Amino acid sequence: MGMKTTNEELRARLEEDGVVLLRSFFPREPLTRLREAANRCFEAIKAGTPVPVHHRFSPQAHSVLLTALLDFGVESEAALLAPLSSDGLGDMFSGLVGDPWRCRLEHSWARKKFAPWNAPRSGYHIQDWHQDGALGARFPLEPGPVIPLANLATCWIPLNACGRDSPGLEFIRKPQPALLHFTELQDGSLRQRFSAEAFWAPTMEFGDGLVFRNDILHRTYVNGEMRSDRLSVEYRIFLEEP
Ligand SMILES: [Fe+2]
């Protein structure tokens, strides 16, 4: 095996674990443009500039639709989507959702997650355990019937180093046969249900990214030692309907 993991190896890892870390995978220039725009966008929000409704700013998640960055210096949708043309990524998406895949911008976001000391004092929450395949699901009050996972995949790219000095993501690296009911998602019960080795919070550098499947449990990873905030973009990939 060489120094660089091949795309075949990454695809095999993704198939087995449902999530793969792509190290030094994304060209930096397109990401730098996204980072600069995201910075301007969240600085404007911080300064109290009203956010147009169609950007769907969520104070809880501190996120806006990725397309909001078009108002902050990203010149086109193609530039928003540029990271997705990284070599080998398309095959991973096809393997997860089928062919042809398509990124849907109305489900793709830019986010800011704060170091605890710097977090807004009201209205902001870290993202707790969930599966992205819950998109659009309507849970009954009690667990019971199996609710199908939405057929999608997520490509998550931090716009700065994260997971050590700024919030990252934590995963339970274990394929799930179905959606867990919201009453099953407390951290305590998940730590009883799954072995300690399954919990994984990678440290990431600028240029790294993650691809994960609809069933994989994940949440914001944050601790009190962290001093910096994190910006990230996330792309939602779907099967293109005919
Ligand atoms: Fe998520």
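Does Tyr221 count as buried, exposed or partly exposed, and at what relative accessibility? Tyr221 counts as partly exposed, because its relative accessibility is 24%; buried means under 20% relative accessible area, exposed over 50%, and partly exposed in between, with a 1.4 Å probe and protein chains only.

## About the model

This is a predicted model, in which local features need pLDDT of at least 70 and side-chain atom pairs count only at pLDDT 80 or more, while totals for chains, interfaces and linings use all residues. Residues are numbered from 1 along each chain as its sequence is written, and side-chain values use heavy atoms, leaving out hydrogens and water.

Tyr221 sits in strand S10. Helices (H or I, at least four residues) and strands (E, at least two) are DSSP runs, numbered from the N terminus. Leaving aside neighbours within four places in sequence, Tyr221 is in contact (heavy atoms within 4.5 Å) with Gly163, Pro167, Gly168, Leu169, Glu170, Ala201 and Met226. Tyr221 and Ser166 are 55 residues apart in sequence, and 8.8 Å separates them in space, C-alpha to C-alpha.

Arg219 is also found in S10, which covers residues 217-221. With 14% relative accessibility, Arg219 counts as buried. Beyond its neighbours within four places in sequence, its contacts include Gln127, Asp128, Trp129, Asp187 and Arg191.

## How H1 meets H4

Two packed helices are described by the angle between their axes and the distance between the axes. Here, helix H1 (residues 7-17) and helix H4 (residues 89-97) pack at about 25 degrees, with axes 10 Å apart. That makes H1 roughly parallel to H4. Angles under 35 degrees count as roughly parallel, over 145 as roughly antiparallel, 65 to 115 as roughly perpendicular and the rest as oblique. Axes are lines fitted to C-alpha atoms, for helices over the stretch in contact, and angles run from 0 to 180 degrees between N-to-C directions.

Which residues make the contact between H1 and H4? Leu10, Arg11 and Leu14 in H1 meet Asp91, Met92 and Leu96 in H4. By class, this contact has four nonpolar, no polar and two charged residues; Ala, Val, Leu, Ile, Met, Phe, Trp, Tyr, Cys and Pro count as nonpolar, Asp, Glu, Lys and Arg as charged, and the others, Gly among them, as polar.

## The nonpolar core

A nonpolar core is a set of buried Ala, Val, Leu, Ile, Met, Phe, Trp, Tyr and Cys residues joined through side-chain atoms within 4.5 Å. The largest one has 39 residues, and those touching the most other members are Leu22, Leu34, Leu69, Leu89, Cys155, Val211 and Tyr235. Helix H2 (28-46) is one of the elements that each supply at least two residues, and H2 gives the most, with seven.

Leaving aside neighbours within four places in sequence, Leu22 is in contact with Leu10, Leu89, Met92, Gly207, Asp208, Gly209 and Val211.

## The loop between S1 and H2

Phe26 lies in the loop between S1 and H2 and is buried, with a relative accessible area of 3%. The C-alpha atoms of Phe26 and Asp208 are 6.3 Å apart, although 182 residues separate them along the chain. Ser24 has its place in the loop between S1 and H2 too, but Ser24 is exposed, with a relative accessible area of 55%.

## Backbone details to check

Most residues other than glycine have a negative phi, and most peptide bonds are trans. Ser24 has a positive phi of about 45 degrees, and Arg56 has one of about 50 degrees. The peptide bond from Asp99 to Pro100 is cis, with omega near -5 degrees.
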